[in-house]
Amino acid sequence: MARYLLTRAWQSAVTLLLSTIVVFVGVRALPGDPALALAGEDRSPEALEAIRRHYGLDQPLPVQFAQYVERMAQGDFGVSIRTGTPVSSMLTTALPVTVELSVLAILIASALGVGAGVLAAVRRGRPAEWLANGLALIGLSVPHFWLGLLAILYLSVATGLFPASGFVPILEDPVDNLHHIVLPAVILGTGLAAIIMRQTRSAMLDSLSSDYVRTAKAKGLRPRAVITRHALRNSLIVVVTVVGLQLGGLISGAVVTEQIFGLPGFGKMTIDAVFQRDYPVIQAVVLLTAAAYIVINLFVDLLYSVIDPRIRVTGDPA
């Protein structure tokens, strides 16, 4: 266990370093000059030079990168070029919103997707499977932004069941927080639920036709026990992999949903930073997303051995 964790920690550190280099170089390859955006109408050469010197943009790229890594190692992501606010404080405000939205969306998607996938596999060739497949196809086909606009129109404007926009911190008012976040989470989780449903159905069909399931039925176990304790448990390897990858994607991919529902998360902050060429904010968002992927993948690998004891943490079958 210790050797495996050390190996994965080393691999994660190398991956994060490479991500840092790619993000640093890629952001500066974007067209446009942040000094021009900050200078406004006063675009004299002296003003532009002063802005570049103040934010270190006049330094060579290797010097800028070394300074950035040094600050980042101390937990300092720099200062926003657009607002002058420390990036760490901006992340502290925006990150909880996106994390809460992503976690709630993944919980809703997992409950719907796993349940529908098991039902479609058990009721294969029956109306229940056709209904589940049809709903999954709709979830995969309908764009989130269009579904979100419809939800706002009918569930917020027409009926007033949910707020159309805004956010309330969970520590301030948990009930009002859930009232604001549940609709965006459902919209964001629909497409993911369809993916989980398809993967669960496929894995369950393989499990239900395996020898150990036939043996369990021959032993006289009840159908529910055969499905949950044997078929579903052995199908969770695929489901956990899909959920882990999608959770990392949700943290970075909730931009459109947050924009539609006016949530002050990574979405608005990232879009504003891209338009204003706010290098420190873009770098921090992308690096945190990469770190989230690394941590989630490590957790999924460790979870494999809990679901199936035959799989050791080294990744090799027993």
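Visitor: Which residues lie nearest the centre of the largest pocket?
Guide: This is a predicted model, in which local features need pLDDT of at least 70 and side-chain atom pairs count only at pLDDT 80 or more, while totals for chains, interfaces and linings use all residues. Residues are numbered from 1 along each chain as its sequence is written, and side-chain values use heavy atoms, without hydrogens and water. A pocket is an open set of points on a 1 Å grid over the protein atoms alone, where a 1.4 Å probe fits, with protein on both sides within 12 Å along at least five of seven lines; lining residues have an atom within 4 Å of a point. The lining of the largest pocket has 18 residues, and nearest its centre are Ala132, Leu135, Ala136, Thr190 and Ala193.

Visitor: Which helix supplies the largest share of the lining of the largest pocket?
Guide: At least two lining residues come from each of α5 (87-122), α6 (127-141) and α8 (174-208). The largest share, seven residues, belongs to α6.

Visitor: Which helix gives the most to the lining of the second largest pocket?
Guide: The second largest pocket has a volume of about 280 Å³. Among its 18 lining residues, Tyr55, Arg71, Gly78, Val79 and Pro280 are closest to the centre. Helices α1 (2-28), α4 (61-73) and α13 (279-307) each supply at least two lining residues. With four residues, the most comes from α4.

Key: Grid points are joined across faces, edges and corners, and a volume is the space filled by probe spheres set on the points.
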